Amino acid sequence: MPLIGDAPVVREPAAPAPYAAPDAAQRAARLRRRLERLIGIAATEGNALQPLRNGDEIFPAMLEAVAAAERTVDMMTFVYWRGAIAQRFAEALAERARAGVRVRLLLDGFGARLIESRLLDLMAAAGVDIAWFRRPLRLSPFKQNHRCHRKVLVVDSRLAFTGGVGIAEEWCGDARDEREWRDTHVRVEGPAVDGIAAAFAQNWAECREVLFDGADLFDGHRPAGKAVVQVVRGSASVGWQDLQTLLRVVLESAEERVRLTTAYFVPDEFFAGLLAATAERGVEVEILLPGRHTDKRVCQVAGERYYEQLLAAGVRIHHFEPTMMHAKIMTVDGVAALVGSSNLNRRSLQHDEEVVLTVLDEDFTAELDRDFDHDLTRSTPIEESRWRHRRNRQVLLELLTAPVRRFL
């Protein structure tokens with residue numbers, strides 16, 4: 001030990017550096033690397049995303065994109081029903097096909113079964129290539145429980161849309177009453193379009209021999225914005241799926257706040273427990289679900305089985321009152337958002353074809369959080385004390401859903 005005269009020099013241990021919470025950029029970067037490594041899908045940079053709220057914004061943007069198509073239009077949807085908006089989309093697709101644009105339309109054999117035959121005839125006569133996913137029954141008798149729930153529109157390989165909206169009158173308007181459903185779609189430009197196009201190609205390949213042709217462009221994308229996007233596809237299979245990994249990583253990474261909006265909330269025991277555990281470690285967890293205007297009461301009751309556990313853990317649950325809530329959105333810590341076709345139910349996570357965008361962009365996430373705040377003003381909170389003393393009839397209904405929960 002060095003000496004000064006006869007006395008040893010004593011050095012005090014350095015004080016530990018004060019803890020500095022990671023900023024938004026650090027949180028986003030950490031979440032990105034976790035998702036890339038654990039799912040194995042690289043995120044892309046240079047994307048521009050625009051959230052579209054309800055039919056009044058969604059349908060005009062989609063129809064405008066179709067009308068401007070010069071080479072290709074690829075569209076697939078679970079729901080294509082009836083009404084004026086169904087007619088408008090059929091006419092728009094038919095017009096582009098007559099103009100020489102290659103137009104492909106993929107319809108789910110179950111979800112789109114209500115489409116009017118005259119609309120199919122109109123499009124087919126114009127040259128639209130219409131394919132049915134897992135229809136007729138004889139083509140896939142053992143896959144009928146596994147549907148194509150993706151909603152995708154890709155125009156000229158450069159512009160894409162995805163989210164929760166179907167082609168039907170229920171989605172028209174601005175969620176003003178029970179006739180106008182509440183939903184969110186996203187307009188995407190940039191390299192993330194390739195991931196959305198791949199979701200279409202995956203399902204088209206099951207239905208048609210020709211996957212691509214001379215109309216397809218395989219050049220690169222110019223930067224369109226600043227958003228980082230990972231496109232995750234869900235497909236029916238046995239075992240753990242990418243969408244399950246996505247939700248698990250996002251919930252386990254959350255530090256301050258998780259806000260979930262979903263149309264059909266029927267988690268399994270694992271994800272119900274994970275939501276509860278996320279709240280118990282101090283994260284603010286809010287869930288916004290359909291209220292009295294739900295279109296599938298059995299799904300609602302099956303999910304209500306978990307309310308008592310979640311409320312006791314500190315999760316806040318709200319029922320949206322004006323109309324059916326059909327959006328599928330999660331935001332995390334103000335830096336990340338998940339939006340796409342997947343609900344938080346076993347059907348989306350285990351049975352159906354889905355596509356979800358993980359968006360790392362503060363501005364985009366903030367806009368979705370503002371929508372959530374607005375929707376809360378028209379929602380009713382579920383009170384823990386009152387729910388704990390709910391009627392015996394409600395408890396019985398929850399128990400009766402047990403045999404079918406895995407299919408909901």
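User: How do you know that the span of helix α6 agrees with its number of residues?

Analyst: Welcome! A word on the source: this is a predicted model, where local features need pLDDT of at least 70 and side-chain atom pairs count only at pLDDT 80 or more, while totals for chains, interfaces and linings use all residues. Residues are numbered from 1 along each chain as its sequence is written, and side-chain values use heavy atoms, with hydrogens and water left out. Helices (H or I, at least four residues) and strands (E, at least two) are DSSP runs, numbered from the N terminus. The expected span of a helix is 1.5 Å times one less than its number of residues. For α6, residues 242–253, the 12 residues should span 16 Å, and the end C-alpha atoms are 16 Å apart, so the two agree.

User: And what makes α6 largely enclosed by the rest of the structure?

Analyst: Buried means under 20% relative accessible area, exposed over 50%, and partly exposed in between (1.4 Å probe, protein chains only). In α6, 9 of the 12 residues are buried, so the helix is largely enclosed. Among those buried are Leu243, Leu246, Leu247 and Val250.

User: How do you know whether the span of α3 agrees with its number of residues?

Analyst: By the same rule, the 15 residues of α3 (residues 84–98) should span 21 Å; the end C-alpha atoms are 21 Å apart, so this helix agrees. Its buried residues include Ile85, Phe89, Leu93 and Arg96.

User: What do the buried residues of α3 pack against?

Analyst: They pack against α2 (54–67), β4 (72–77), β5 (102–108) and α4 (117–126); contact here means heavy atoms within 4.5 Å. Just after α3, Gly100 takes a positive phi of about 100°.

User: Why is Arg390 called buried?

Analyst: Its relative accessible area is 15%, so Arg390 falls within the buried class. Arg390 sits in the loop between α12 (384–388) and α13 (392–400). Not counting residues up to four places away in sequence, Arg390 touches Glu308, Val395 and Glu398.

User: What makes Ala175 and Asp333 worth a look?

Analyst: Most residues other than glycine have a negative phi, and most peptide bonds are trans. Ala175 has a positive phi of about 55° although it is not a glycine, and Asp333 also has a positive phi of about 55° without being a glycine. Ala175 lies in the loop between β8 (159–163) and β9 (184–189), while Asp333 is in the loop between β14 (329–332) and β15 (336–340). With 0% relative accessibility, Ala175 counts as buried; with 13%, so does Asp333.

User: Which kind of peptide bond, cis or trans, leads from Arg135 to Pro136?

Analyst: That bond is cis, with omega near 5°. Pro136 is found in the loop between β6 (129–133) and β7 (152–155).
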